[in-house]
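Let's walk through this structure together, moving from the place where two chains meet to the parts within each chain. Keep the viewer open as you read.

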Amino acid sequence: MKHVNISPPSTVQTPAVMLRSTVINPRQPVGLQELAALAAVAHSSLGPDKRYKFIQDDTSGESALVCSCFRIFENLELSSAVAQLVHETVQAQQKVYNTGSGCLLFLAGAWSRAALECVHRGISVSRIISGMSDGFDICVDVLRKCSISTDGLGAVKPYSCTTTSHGLGLQVSKEPITEDSRASLHLRGTTSVGHKTLNPSGHRKIKLSRHFCQPDSKNVSTAPQPHQVFNVAHIAEGLSHGCVRAMNLVVEAVKLHQDVSCSTFDVTKVVTCVVPGLPEERACVLPGCIVLLSDEQASVAHHLKDQPLKVALINGDLSHTFRHLGFSRPAGVQHVSEQLALGSDEEEVWTVKVVALLLNLEVNLILVSGLASEKVIQHCCRRRVLVVDKVKASILKAFADATAGVPVTYATQLTKHCVGTGVKVEIRRDLGGGSERKSSTAVNISTGGNSGLFTVILTSCVRGKLQALEDQFWACAYRLHHALKDRAVLPGAGATEMLCVHHLRQRAVTAYSTQESSAGGAADLDRGVVLHLMADGLIDYISTVMVNTGRVSKVRARTVVSQQLQEHDGHVDIAAKLSQLMLEGENEDSDSKSSEMDVYDNVSVKQEAWRKALDLLFLVLQTDAEVITGVDQATGAQENLMML
Amino acid sequence: MSRLVKKSPSLCVDLPLDNTDVCNKLRLLRQLMTSCYGPTGKLKLVHNNIGGHVVTTSTSSVLLAAISSSQPLVNLIKTSVLNHVSRFSDCGLFAACLCLDLIEQAKQSGLRGNVCIGLNRHFLAVCVSYLQREDCCCKVKLDFCSSHNLIALARSVISSKPACLLTEQETLHISKLAVQAFLLTLPCDKPGTVSLGQTVTICVEGHSVLNSAVFPGLLVDVTGVLCVNKSDNLSSHRMLLFSASLAGDIPELGEGIIEVSSGVDTDARILDQLLDLGKQAVEDDVKLFVCQKVIHPVLQHYLRSRGVIVIERLGITLMEPLILLTGAHPVATLHTSLQPKAYGKVRDLSIRQFGSKTLLHLLPHGESAICTMILCHRNETMLSELKLVCQKTEHVLRLTLREPYALFGGGCTETHLAAYVRHKCTDGVTESAAVLGCSESEYLLGMDRFCSSLESVAKSLEHNGGNSLIDLTHAHNWTVHADVMNRCVEG
């Protein structure tokens, strides 16, 4: 069994009753308690100051160093149904967004505590669900209203970051600009030609919009051409969420990427290359695709460097035994021969044939998405053909696009027009790992600067940390990717949540008052309670993030949050003032420069994480029994399960 | 074959219902079923003991299929309910609840087994004959002139499964789509025997339910293999459909052994044959080349380079709709030349994007009753339940063609029937009892038990500890809002 060293609170109760293949819980919300307990695992991975966790396997003694909620669940052995459900939800979030799973899990826990409280107060399940759905709609409305257009952001902040005053940065969440951003979005929608790239002329169009000029036209008019790059850097800074180094790499990558096209950040053209043994400061971004090669292959690369190469792209393995997916090898085939076989090796024959074909087509480089057999690599090395295997499918596609090559499944399929041209190979001596048993050489494969491919080199002296560094990089990359895709961000550092809390409470109060005026009755009272408890869940989220910074205690965090909520009750710019609160809390003793940083969150990621959290909660809330299949009599009796 | 374990002597047990263990298991099964029943029913998490995939459901077909018991009695009930569901799609939970409740009531009543059977059969006959009467008060005739009734019927089926987690608006949307799909599968003015078309369901995860849609024709998933030239706008495209695998392997050897002399490359020989087929298809101007199974990449490459759209791994489920849509004859072998009559036709091809899925939309050349329903939902669990519910709705709607009546839902039909039986059977107790060969008191006791079984099924619609109110004059059940329509197919 594996366990996290910080174990969840012991409120987990295993279901009590069961049938041969069926368990029935007594009608208690055990599932909700379990969900809340599982969510506690995510507490320390919230916010900018994340804690590492060791996950240790007691039986094998292996351990893993993890930093994100997604990796925690990946490394745990989950046996309960609710845990499995949580894991599936977190995986779904991770698959699409690559970020936000911590937030998802925390809120699933916080809101399941809210639901538990509702159940204890005797509110029916259907009312809890409809109340929470209403609450979610309110939150979505808030998210929509307080989202800031990314274009607007570039305009608000001039590119000399240091001169920006506190107040200016906070203006962003005010009402008029939100409208502006929508207006500009609308504008872009209508001029379908100009919206592809945010060139200066596109900006001028927006600037001339009568809405857009009002609040901060002076900044817009001074926005120079390279501001797009800066704009991204500013947004990226706000989205770094504590992973500054990783985000810097992303920004560097975007800058390289911008030369090609700019309005989006295409994550599919990014490769990460992990080099253990170098200090973390050596991490960098380089155009092209960088791979680590063995010495033998490196010598081939040395011969090929600085000359235009012809490339073959293989979609599958490069070996004589490989057959495409779905090909079934017949079992009953016997080979008979009339004369004594002279030991002609099938693999040898195939390899010679393939190498001859490659030489005939003048191919110097083969990129293989699967594995290449050792024999082929050796043969190719002798003939000075470089074989690179385990290339990501998206990279193979990028090479196909850039070199006009056509990926094929079998090497024997190759013809003249399948072969791509114009690839260059370059050896990077500075990046050679070689710290351990196998020495390796970094080789950069590029297509002359027009493919848009680039490699992020991640380095660390601590091998176990590399995975976490890679995860952090991808989380940052996807956060920026989604921000540019949404064309909007949310005010971060808890400001959005605060605004949601404010609106939820307001609505709760309205619900109470309609109940008193006897128009609604008990339903409205219940709705008020549900909304209020939902808001408490969000407060819990904000205060946990504050606690994780290590500067305030839980109690103080909560007091500060509720004080601020009371003080600013009814003010429009509550979000602006509150975001400041977080920063103050975080930066009491740090230098003044970092306190000027605006923090942003992703719109779609946050909304989707919240929705997934609620969906998960609703499923668990409506569940009253577990059916376990394949339980044998003995264990069933042992675990006090009811057998059918 | 010799036995590894010595055969143990057979054990005969009589009167299984007197066994407390059996009774406990039946009670447990009843709890399991009744707790799932209705729109506010509780969900069950179904998973295996080693932590596999979790299914969240309250659907009898999924739940019962997962259950296996050591008790033959439990298995008997389970399989008969599953048979009912496979035939009618609907009312599996109702059947299970009523059956288990009747067993329990019969046991409690202390009536002799054969008397009990006779009485229940009698009261069931009373109910069925009443339901078939024209003046039956708990059924409504479905009016096919307006879609209102059909949508209400679809809606009551869809809203009965809470694991779909649909809002009011979403429920209505899906109900409308279900009716739309149903109407699209009805062939228009065709003489002779009418055969209904098919609805193909495609699930798209991670999108709002409101993005779900219904299209006439067939949509095929072509994610990742996109290659359509919009250049040629032919009014009809010739297509070719293979049911045989074109993977290039040696198919179904069976027990036999093939001897291959060395130096003969079987793979290359078969590939040559495949390419010959491809050449003929290209010569015959085939624009769409579809295979149920795998197509050899070399053949795919060849066809694509000549502008043919290639779809492989279509799957067995899409074969029949595609045959109906295009009129193609699937080719089951690669050893003959292609016959002209094997080719099918498609009127139009277009690409539709649903989330991460790229779909190729095929429109029929002539009249066809094939449609495709794209179901979207936010996560896999809710999506799989939604798919089940939609298939069930389709079936229920189809059954209305045979018998255009719907019964009142929300427990009203059951309470009404109970009231009817009580009222009807109190007259002439003596004669009926004599006919059935039991005493009057036994007759009355049996009637009471039968009726309370019906009522208790109606009552089990309420799961949150609320009260069930039964209007004694109109025999109306008030727990659920009135006029929820539901169709019960009583077997």
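The contact between the two chains takes 53 residues from chain B and 53 residues from chain A, where two residues are in contact if their C-beta atoms, placed from the backbone, lie within 7 Å. Please keep in mind that this is a predicted model, in which local features need pLDDT of at least 70 and side-chain atom pairs count only at pLDDT 80 or more, while totals for chains, interfaces and linings use all residues. Residues are numbered from 1 along each chain as its sequence is written, and chains are lettered from A and ligands numbered from 1 in the order in which they are written.

On the side of chain B that touches chain A, several elements each supply at least two residues, among them helix H1 (20-34), helix H9 (297-305) and helix H11 (380-402) of chain B. Helices (H or I, at least four residues) and strands (E, at least two) are DSSP runs, numbered from the N terminus. The largest share of this side, six residues, comes from S1(B). By class, this side of chain B divides into 24 nonpolar, 22 polar and seven charged residues; Ala, Val, Leu, Ile, Met, Phe, Trp, Tyr, Cys and Pro count as nonpolar, Asp, Glu, Lys and Arg as charged, and the others, Gly among them, as polar.

Strands also link the chains. Strand S11 (residues 333-336) of chain A and S8(B) run parallel and are joined by four bridges; two strands pair if DSSP finds at least two bridges between them.

Now turn to chain A, which has 23 helices and 19 strands. Of its 644 residues, 48% are buried, meaning that 20 or more other C-beta atoms, placed from the backbone, lie within 10 Å of the residue's own. Among contacts in chain A between residues at least 6 apart in sequence, 77% join residues at least 24 apart.

Helix H17 (residues 466-486) of chain A is worth a look. Its 21 residues should span 30 Å at 1.5 Å a residue, and its end C-alpha atoms are 30 Å apart, which agrees; the expected span is 1.5 Å times one less than the number of residues. Because 16 of the 21 residues of H17(A) are buried, the helix is largely enclosed by the rest of the structure. Arg487(A) follows H17(A) and has a positive phi, near 60°.

Key: Buried ≥ 20, exposed ≤ 12 C-beta atoms within 10 Å, placed from the backbone.
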